[in-house]
Amino acid sequence: MRADRLVATLLFLQSRGRVTVAEVAAELEVSERTARRDLEALSTAGIPVYSQRGRGGGWSLVGGARTDLTGLTAEEIRSLFLRAGSATATPELRTALRKLVRALPAPLRSDAEAAARSHIVDATDWTRTDATAPEPQLAALRRAVVDGHQVRLGYAGPGKPASVRTVHPLGLAFKAGNEYLVADTEDGLRTFRLSRVLTVEPTGDPVDRPESFDLPAVWRSLAARLEERMLAATVRARAEPGTLALLERLFEGRLRIGETLPDGWSAVTVDGPTAEVVAGQLAAFGARIEVLDPPRARERLARLAVELARVYGTPDSVP
């Protein structure tokens with residue numbers, strides 16, 4: 001603990017140039033006696049620290065000497081503050097970043113501070129729904145992962161009632177604007193979307209970590225399994241030229257645009273969890289898209305047409 005305090009004292013000296021015992025005591029939240037003893041210890045340890053009595057006196061580093069305690073390059077500092085310096089960072093992270101700024105050589109400080117102010121992370125989606133767990137649950141999960149403690153997790157899966165289960169938290173992953181917990185369960189390794197976490201209750205029992213567990217490798221495997229389910233079916237269709245831009249926005253990487261057909265329309269293929277789901281999504285385009293294959297996708301659209309006509313009727317004239 002004292003070693004941490006001595007480093008903090010040195011960082012404070014570097015950032016201020018000259019300090020008084022009272023200022024060190026206030027900054028580190030210790031007594032003036034402890035602050036004076038720490039300053040003397042730095043001097044005894046060979047750090048070029050000296051004191052000057054009288055008006056305007058205090059403690060300084062000889063010749064303005066500096067010790068770069070970070071060893072970071074300018075590019076590393078910029079990357080770190082771009083990644084972690086968001087205005088939505090936790091109070092603990094903001095405090096850590098402020099301490100790190102004090103340790104930086106003066107020419108690098110303004111760059112780090114500019115990087116920290118240059119971006120923001122919005123933790124809600126476009127419907128203003130939280131894309132991650134509330135801060136208390138998120139903080140509890142982070143502690144459980146780092147400390148290696150099991151938790152009782154209150155969770156509501158899509159289309160399922162809320163339930164509570166005991167899980168072994170192994171890591172956190174961020175993908176496509178959402179954060180996920182990777183955990184071992186009675187049913188094997190699973191992912192839990194943090195926006196669906198309701199409660200987190202530590203059990204105090206240690207996590208049973210699988211042998212040779214590698215979080216990046218496990219996440220790649222779990223993500224690939226999920227992507228396979230999400231892209232299990234392919235629908236082939238022909239689309240009016242005016243629909244292509246909207247199709248690209250709606251389906252992004254799930255859409256592939258093929259050749260231009262003799263009538264000016266374009267061949268397209270769309271991936272999704274099932275052919276029926278993709279057909280339902282394409283139904284909004286009406287006659288501007290014709291689904292060609294597989295047959296069950298065309299059958300789904302025919303059933304939708306009948307159901308909609310039954311509810312809304314048939315217009316007097318159809319162009």
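The model is predicted.

Start with the core. The largest nonpolar core has 18 residues. Val-235, Leu-247, Leu-282 and Ile-289 touch the most other members. Five elements are listed as giving two or more residues to this core: strand S9 (233-239), helix H9 (244-251), strand S11 (266-272), helix H10 (275-282) and strand S12 (289-293). Take Leu-247 as an example. Beyond its neighbours within four places in sequence, Leu-247 is in contact with Ala-239, Glu-252, Leu-255, Leu-282, Phe-285 and Ile-289.

Next, a polar side chain. Gln-137 belongs to helix H7 (residues 135-147). Its relative accessible area is 15%, under the 20% cut-off, so Gln-137 counts as buried. A polar atom of its side chain lies 2.8 Å from the backbone oxygen of Leu-198. Leaving out residues up to four places away in sequence, Gln-137 touches Val-197, Leu-198, Thr-199 and Val-200.

Now the rings. There are two aromatic pairs. Tyr-155 and Phe-192 have ring centres 5.1 Å apart and planes at 85 degrees, so this pair is edge-to-face. Tyr-155 is in strand S4 (residues 149-155) and Phe-192 in strand S7 (residues 188-193), 37 residues apart. Tyr-155 is buried at 7% relative accessible area, and Phe-192 is buried at 3%.

Tyr-180 and Trp-219 have centres 5.6 Å apart and planes at 40 degrees, so their pair is tilted. Tyr-180 lies in strand S6 (residues 178-185) and Trp-219 in helix H8 (residues 215-230), so the pair ties together parts 39 residues apart in sequence. Both Tyr-180 and Trp-219 are buried.

One charge also meets a ring. The charged end of Arg-238 sits over the ring of Trp-265, 4.3 Å from its centre.

How values were computed: Residues numbered from 1 in each chain as written. Predicted model: local features only at pLDDT ≥ 70, side-chain atom pairs only at ≥ 80, totals over all residues. Heavy atoms only, no water. Core = buried A, V, L, I, M, F, W, Y, C linked by side-chain atoms within 4.5 Å. Buried < 20%, exposed > 50% of the residue type's maximum accessible area, 1.4 Å probe, protein only. Helix = DSSP H or I, 4+ residues; strand = E, 2+ residues; numbered from the N terminus. Contact = heavy atoms within 4.5 Å. Polar contact = N/O pair within 3.5 Å; in protein donor to acceptor, adjacent residues only side chain to side chain. Phe/Tyr/Trp six-rings, centres within 6.5 Å; stacked < 30°, edge-to-face > 60°. Lys NZ or Arg CZ within 6 Å of the ring centre and 35° of its normal.
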